[in-house]
Amino acid sequence: MTNEPNPDHVLRRTLLKAGAVIMGAVEMLPPATASGSGDETQTDETTTSEPAQSQKGYVITVERITDRERFMNEYLPVAGERIEAHGGEALVLSFDPTVLDGEWVHDMTSVLEFPSVQAAKEWYADDALQEVRQIRHETTAYSNKIVTSQYSPEGRA
């Protein structure tokens with residue numbers, strides 16, 4: 001018997017958490033409108049209610065990396081260090097996922113878990129992360145990030 005985690009258990013835990021995050025994000029989406037623009041960014045002012053502080057916060061990212069060496073060496077180490085500093089953990093960091101349905105053209109997908117949505121927002125606003133934000137912009141064609149709370153059946157409207 002070893003102290004190493006069972007790979008099947010780790011994969012199952014990751015998939016369950018990622019599924020819960022996605023379900024939470026889907027449940028929190030506003031209804032589609034004919035006049036809505038896909039380029040709009042939701043701000044705190046347009047959020048109808050903040051999730052309970054007891055709910056974990058998740059940052060989900062998809063990116064198209066154009067300068068992988070610089071991204072990996074200059075941006076990612078700082079981002080990772082700051083994730084830990086804010087009590088977060090990378091649950092998913094994938095450069096080559098298996099596509100089950102549809103098209104997936106992103107170079108990197110990540111799911112980060114934080115103790116709360118507020119902790120996730122504080123990570124994103126962290127001064128050290130802000131200092132390397134320009135590197136992320138220079139090394140990606142796009143970088144889409146969202147923050148959402150943990151899925152909770154009680155929070156459904």
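**Entry 1: contacts and overall layout**

I began with contact range in the chain. Among contacts (heavy atoms within 4.5 Å) between residues at least 6 apart in sequence, 82% join residues at least 24 apart. The model is predicted: local features need pLDDT of at least 70, side-chain atom pairs count only at pLDDT 80 or more, and totals for chains, interfaces and linings use all residues. Residues are numbered from 1 along each chain as its sequence is written, and side-chain values use heavy atoms, with hydrogens and water left out.

I then listed the elements. I find 4 helices and 4 strands in the chain. Helices (H or I, at least four residues) and strands (E, at least two) are DSSP runs, numbered from the N terminus. From the N terminus on, the order reads α-β-α-β-β-α-α-β.

Next I took the surface. The chain has an accessible surface of about 10700 Å², and 53% of that belongs to carbon and sulfur atoms. Accessible areas come from the Shrake-Rupley method with a 1.4 Å probe; for residues, only the protein chains shown count as cover. Of the 157 residues, 30% count as buried. I use buried for under 20% relative accessible area, exposed for over 50%, and partly exposed for in between (1.4 Å probe, protein chains only).

**Entry 2: the sheet**

I traced an open sheet of 4 strands. Its order is E2-E3-E1-E4, with antiparallel pairing. The edge strands are E2 (89-94) and E4, each of which pairs on one side only. From one strand to the next, the twist averages 15°. Two strands pair if DSSP finds at least two bridges between them.

I went through the pairs. E2 and E3 run antiparallel and are joined by 5 bridges. Serine 94 has threonine 109 in E3 as its bridge partner. E1 and E3 pair in the antiparallel sense over 7 bridges. Here glycine 57 is partnered by phenylalanine 114 in E3. E1 and E4, also antiparallel, are joined by 9 bridges. Tyrosine 58 stands opposite threonine 148 in E4.

**Entry 3: strand E3**

How many residues of E3 are buried? I count 7 of the 7, so E3 is largely enclosed by the rest of the structure. Both faces are covered. Met108, Ser110, Leu112 and Phe114 are buried on one side, and Thr109, Val111 and Glu113 on the other. Side chains in a regular strand alternate between the two faces of the sheet.

I picked serine 110 in this strand. Serine 110 counts as buried at 5% relative accessibility. Beyond residues up to four places away in sequence, serine 110 touches Val59, Ile60, Thr61, Val92 and Leu93.

H3 lies across E1, E3 (108-114) and E4, and runs at about 155° to E4. Axes are lines fitted to C-alpha atoms, for helices over the stretch in contact, and angles run from 0 to 180 degrees between N-to-C directions.

I moved on to H4 (residues 127-138), where Leu129, Val132, Ile135 and Arg136 are buried. Seen down the axis of H4, these buried residues fall within an arc of 100°, so they line one face of the helix. The arc is that of the directions from the helix axis to the C-beta atoms. They pack against E1 (57-65), H2 (68-85), H3 (117-125) and E4. Asp127 and Glu131 are exposed, on the face turned away from the buried side.

I checked the start of H4 as well. A side-chain oxygen of aspartate 126 reaches to within 2.8 Å of the backbone nitrogen of alanine 128.

**Entry 4: two single residues**

Where is histidine 86 found? I located histidine 86 in the loop between H2 and E2. Histidine 86 is buried, with a relative accessible area of 19%. Leaving aside neighbours within four places in sequence, histidine 86 is in contact with Phe114, Pro115, Ala119, Glu122, Trp123 and Asp126.

I finished with tyrosine 142, in E4 (residues 140-149). Tyrosine 142 is partly exposed, at a relative accessible area of 25%. Not counting residues up to four places away in sequence, tyrosine 142 touches Val62, Glu63, Arg64, Val105 and His106. The side chains of tyrosine 142 and histidine 106 are joined by a polar contact of 2.7 Å. A polar contact is a pair of N or O atoms within 3.5 Å; within protein, one must be able to donate a hydrogen and the other to accept it, and residues adjacent in sequence count only if both atoms are side-chain atoms.
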